[in-house]
Amino acid sequence: MVLLAACGTDNGGGTGTSAAAGSTADISCSTGSLTLAGSTAQQNAMSEWTKNYLSTCSGSNINYGGGGSGAGVQQFQQGTIDFAGSDFPLAEGSEQQAADARCKSGPAINLPMVPGPIAVGYNVPGVPTLNLSAATIAQIFDGKVTNWDSPVIAKDNPGVTLPNLPIQTFHRSDGSGTSYNFSNYLANEAKADWTYGANKNWPAPGGQGSKGTQGIAQGVKTTPGGIGYMELSFATQSNIPYAKVGNAAGKFVELTTANVANFLSKAKVVGSGNDLKLQFDYTNTDANAYPNLLVTYEIVCSKGNAPDKLPLIKNFLSYAASTAGQQPLANQGYVPLPDDLRTKVQQAISSLA
């Protein structure tokens, strides 16, 4: 949970503008209180933003409770939080309708805010680097490939000595945007081998379910032969190596900030109006575009926000989407929004009512 408050009063009667240097530039201050929840993938980003915002703005209180994407969306629909973080956009149908009903006078919209790569972390002693095609990953997590010296894995890694070691897969036991996006990658890049589609609830049989990404990282870290999917920061913090993964052309793509940003830049906005729901281009064959990532959206009312909350909602989100707000993300395992998309997000925020 992120719970931060700035003490004192705002000399501008509730709003004002700060021109502080570095990461606190582009902050416009508003007094008030926000209660937020949802994606744990963006927890570190939210911590950074709230720290910077509240160190600049007096009289503000922002509480980000995390809890997961699914729980955040439900709390938003119920009206108990001011906006939610979700690693997948609102689903068409009942989920969107329930969010719209909460907003009353305007639809709920998806604002992409925190992009981040999904690492395929592994624990295979003596194998510091590893290539895994999408088809191979699909067969591993489907339980069809059960040993690390399998010919299927060997084909991806010519010249590498693979041990005779059983594979233990780890997946999320709770509903997760990371599960949704990882299974969506497999559903698009390994159609012949992954028949479970994309789902926030892990859809394949077998393997070890773990609560939260931290549980997956801990499981892989302590289990020789372990493999799991996780946000990059969890892999780096635990010193877990992660594989190069296959794209649509069968090329193995390294997980780097530049490669993730390259793939993200190819995404299309498929929402209407100020709804900035994205669709990834999994068909692209660029060997420098890492195809396994998620984007955390802020789910917010386009209209119908509480009048006493609206200035703080807009000013806080505007800072998060600013250049100053996005730049620090690169140091925390995320990728800043491309400038063209960031500009669209800022325009959508300015129109909130």
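Predicted model: local features only at pLDDT ≥ 70, side-chain atom pairs only at ≥ 80, totals over all residues.
Which residue in β16 does glycine 85 stand opposite?

1. To return to the opening question, glycine 85 stands opposite glutamate 298 in β16. Strand β6 (residues 83-86) and β16 run antiparallel and are joined by 3 bridges, while β7 and β16 pair in the antiparallel sense over 9 bridges, where glycine 116 has leucine 294 of β16 as its bridge partner.

2. In a regular strand the side chains alternate between the two faces of the sheet. In β16, Leu293, Val295, Tyr297, Ile299 and Cys301 point one way, whereas Leu294, Thr296, Glu298 and Val300 point the other way, and all are buried.

3. Helix α3 (residues 94-103) has Glu95, Gln96, Ala99, Arg102 and Cys103 buried. Seen down the axis of α3, these buried residues fall within an arc of 120 degrees, so they line one face of the helix. The exposed residues Ser94 and Gln97 sit on the face of α3 turned away from its buried side.

4. The buried residues of α3 pack against β16 (293-301), and also against α2 (69-78) and β7 (108-122). Just after α3, lysine 104 takes a positive phi of about 70 degrees.

5. Helix α1 (residues 43-56) has 14 residues and spans 20 Å from its first C-alpha to its last, close to the 20 Å expected at 1.5 Å a residue. Its buried residues include Met46, Trp49 and Tyr53.

Key
Residues numbered from 1 in each chain as written. Heavy atoms only, no water. Buried < 20%, exposed > 50% of the residue type's maximum accessible area, 1.4 Å probe, protein only. Helix = DSSP H or I, 4+ residues; strand = E, 2+ residues; numbered from the N terminus. Arc of directions from axis to C-beta. Contact = heavy atoms within 4.5 Å. Expected span 1.5 Å × (residues − 1). Pairing = 2+ DSSP bridges.
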